[in-house]
Amino acid sequence: MKSVTARSLIHVFDRFGDITEVFDSSRQLKHTGVLVRAAHDRSLDQNSERLWKKLESQPIRFEQEIKVPETGKRQGRIASLAVRFCQVQLRVPYRFENRDSLQVYAVYATESDCPEGETA
């Protein structure tokens, strides 16, 4: 895994950026990293271990409170997040058959004690 220097460019994507081409392009560029909000429960190995299950099995590394702003559909609140993370090897799709797996750090944040009737 390449290290990020003080002069690196970090590309930030929402779920639409969760495509293999984004990760593959990033690893080919020097001094470039990528942060992507995952949309897919990706396969990690030949035995079909899945990303979400792997992350859910990790210990809680820390807890963080964040402010959830009020919208027309929800009240504002302070949410407590349980944060887990680990390094994983994302299996590449078949169209990338001759490529190495994608080594990334995966972060999984879930809300603890979400109020009844609200979406975590």
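The protein chain has two helices and five strands, where helices (H or I, at least four residues) and strands (E, at least two) are DSSP runs numbered from the N terminus. Read along the sequence, the pattern is β-α-β-α-β-β-β. This is a predicted model, so to speak of its ground rules: local features need pLDDT of at least 70, side-chain atom pairs count only at pLDDT 80 or more, and totals for chains, interfaces and linings use all residues. Residues are numbered from 1 along each chain as its sequence is written, and side-chain values use heavy atoms, with hydrogens and water left out.

**Overall numbers**

- Along its principal axes, the C-alpha trace spans about 50 × 40 × 30 Å.
- Buried residues make up 28% of the 120 residues in the chain; buried means under 20% relative accessible area, exposed means over 50%, and partly exposed is in between (1.4 Å probe, protein chains only).
- The chain exposes about 9,000 Å², and carbon and sulfur atoms supply 50% of that; accessible areas come from the Shrake-Rupley method with a 1.4 Å probe, and for residues only the protein chains shown count as cover.
- Of the contacts with a separation of 6 or more, 45% come from residues 24 or more positions apart, a contact being heavy atoms within 4.5 Å.

**The sheet and the helix across it**

- Three strands make an open sheet in the order E3-E4-E5, with antiparallel pairing; two strands pair if DSSP finds at least two bridges between them.
- Strand E3 (62-68) and strand E5 (102-112) are the edge strands, each pairing on one side only.
- From one strand to the next, the twist averages 35°.
- E3 and strand E4 (residues 77-90) run antiparallel and are joined by seven bridges.
- If you want to spot the pairing on screen, look at Lys-67, whose bridge partner in E4 is Ile-78.
- Helix H1 (residues 20-28) lies across E4 and E5, running at about 125° to E5; axes here are lines fitted to C-alpha atoms, for helices over the stretch in contact, and angles run from 0 to 180 degrees between N-to-C directions.

**Salt bridges**

- The count comes to six salt bridges, each defined as a side-chain nitrogen of Lys or Arg within 4 Å of a carboxyl oxygen of Asp or Glu.
- Arg-37 forms a salt bridge with Asp-14, with the closest N and O atoms 3.4 Å apart.
- That pair links distant parts of the chain, 23 residues apart: Arg-37 is in the loop between strand E2 (32-36) and helix H2 (51-56), and Asp-14 is in the loop between E1 and H1.
- Both ends count as partly exposed, Arg-37 at 46% relative accessibility and Asp-14 at 45%.
- Arg-95 and Glu-21 meet through their side chains in another salt bridge (3.0 Å, N to O).
- Because Arg-95 lies in the loop between E4 and E5 and Glu-21 in helix H1, this pair ties together parts that are 74 residues apart in sequence.
- Arg-95 is exposed, with a relative accessible area of 56%, while Glu-21 is partly exposed at 32%.
- Arg-27 and Asp-24 also meet in a salt bridge (3.1 Å, N to O), and both lie in helix H1, three residues apart, about one turn of the helix.
- Within that pair, Arg-27 is partly exposed, with a relative accessible area of 33%, whereas Asp-24 counts as buried at 8% relative accessibility.

**A nonpolar patch on the surface**

- Ile-10, Val-12 and Leu-35 form a nonpolar patch with about 290 Å² of accessible area together.
- Patches are made of residues with over 30% relative accessible area and no salt bridge; like charges are joined within 9 Å, and nonpolar side chains (Val, Leu, Ile, Met, Phe, Trp, Tyr) within 5 Å.
- Ile-10 sits in strand E1 (residues 9-13) and is partly exposed, with a relative accessible area of 41%.

- Most residues other than glycine have a negative phi.
- His-31 has a phi near 55°, a positive value in a residue other than glycine; His-31 lies in the loop between H1 and E2 and is partly exposed, with a relative accessible area of 46%.
- Asp-113 also has a positive phi, near 55°; Asp-113 is found in the segment after E5 and is exposed, with a relative accessible area of 78%.
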